[in-house]
Amino acid sequence: MRYLILSDVHGNLDALDAVLADATGTWDRVIVLGDLAGYGAEPNGVLDRVRALDPIAIIRGNHDKAACGLDDGSQFNQVARAAATWTFENLTPDNREYLRKLPQGPIAVDDVVEICHGAPFDEDHYIFDGLDAHRAISMLRRPVCFFGHTHLPVIFKLDEHDFTGAAPNGDPQTRVPLEAHAKYLVNPGSVGQPRDGDPRAAYGLMDSGARLVLLCRVSYPVESAQRKILAAGLPATLANRLAVGR
Ligand code: ZN
């Protein structure tokens with residue numbers, strides 16, 4: 001099976017469409033790691049697009065919970081809370097209901113892959129460092145776990161000798177061959193709000209038959225997404241950060 005892995009789209013339809021165009025013909029089923037909504041100006045466009053893709057597995061993120069009223073956003077900073085309120089008010093009732101019903105991670109996709117938004121032990125926890133990554137990778141029930149939430153692409157690997165963590169090299173595609181007897185904890189990065197200093201949209205591909213993961217980057221019309229954010233009356237910070245990938 002070939003999977004397209006999408007995380008943290010955050011209402012950025014321009015970025016999502018660029019990813020779907022770039023990945024055309026390379027996948028069979030879609031996996032979504034949460035945070036479809038929040039920050040961007042087109043949460044309904046993103047939700048309609050993703051729902052039409054009929055994901056084989058999809059989980060909620062913290063912004064999805066706030067966007068549908070499951071969470072009051074009290075943990076958010078001012079900008080994120082303003083965006084969550086705007087998103088809640090602008091989502092169609094049907095899309096709000098769809099977000100409300102999304103399962104909490106971690107969930108298993110098949111015998112090889114599981115997914116979570118933040119961490120396997122807490123859907124809202126940020127895995128930034130090796131300590132948290134090691135705790136997470138040690139408790140996996142599958143050889144490969146994809147996660148999101150930090151918006152930072154990274155590959156952690158644990159085998160009998162070693163535990164390593166590395167960011168992809170910034171090429172349009174970084175190849176990660178999956179070794180037998182190793183465990184992998186992989187963040188494909190964010191489609192709609194990258195934070196690693198690279199404004200390009202990030203996404204993942206996995207070919208379970210070929211035992212290969214690809215971490216991909218593709219440019220998208222950032223100015224278009226920025227214009228829509230400003231026109232919607234969302235905080236200008238949310239438009240500005242897209243240009244610098246922060
Ligand atoms: Zn996010």
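Colleague: Hi! What should I know about the model before we start?
Modeller: It is predicted, so local features need pLDDT of at least 70 and side-chain atom pairs count only at pLDDT 80 or more, while totals for chains, interfaces and linings use all residues. Residues are numbered from 1 along each chain as its sequence is written, and side-chain values use heavy atoms, with hydrogens and water left out.

Colleague: Thanks! Why is strand S7 largely enclosed by the rest of the structure?
Modeller: Because five of the five residues of S7 (residues 154–158) are buried. Buried means under 20% relative accessible area with a 1.4 Å probe, protein chains only, and strands are DSSP runs of E, at least two residues, numbered from the N terminus.

Colleague: And which residues sit on each side of S7?
Modeller: Val154, Phe156 and Leu158 are on one side, with Ile155 and Lys157 on the other, all buried.

Colleague: Which strands does S7 pair with?
Modeller: S7 pairs in the antiparallel sense with S10 (residues 183–187) over five bridges, and also with S8 (residues 163–166) over four. Pairing takes at least two DSSP bridges. Ile155 stands opposite Val186 in S10, and Phe156 faces Gly165 in S8.

Colleague: Switching to helices: at what angle do H2 and H5 pack?
Modeller: About 65 degrees, with the axes of H2 (residues 43–52) and H5 (residues 93–100) 10 Å apart. Axes are lines fitted to C-alpha atoms over the stretch in contact, and angles run from 0 to 180 degrees between N-to-C directions. Helices are DSSP runs of H or I, at least four residues.

Colleague: Which residues meet there?
Modeller: Asn44, Leu47, Asp48 and Arg51 in H2 meet Asp94, Asn95, Tyr98 and Leu99 in H5, where contact means heavy atoms within 4.5 Å.

Note on methods: Buried means under 20% relative accessible area, exposed over 50%, partly exposed in between (1.4 Å probe, protein chains only).
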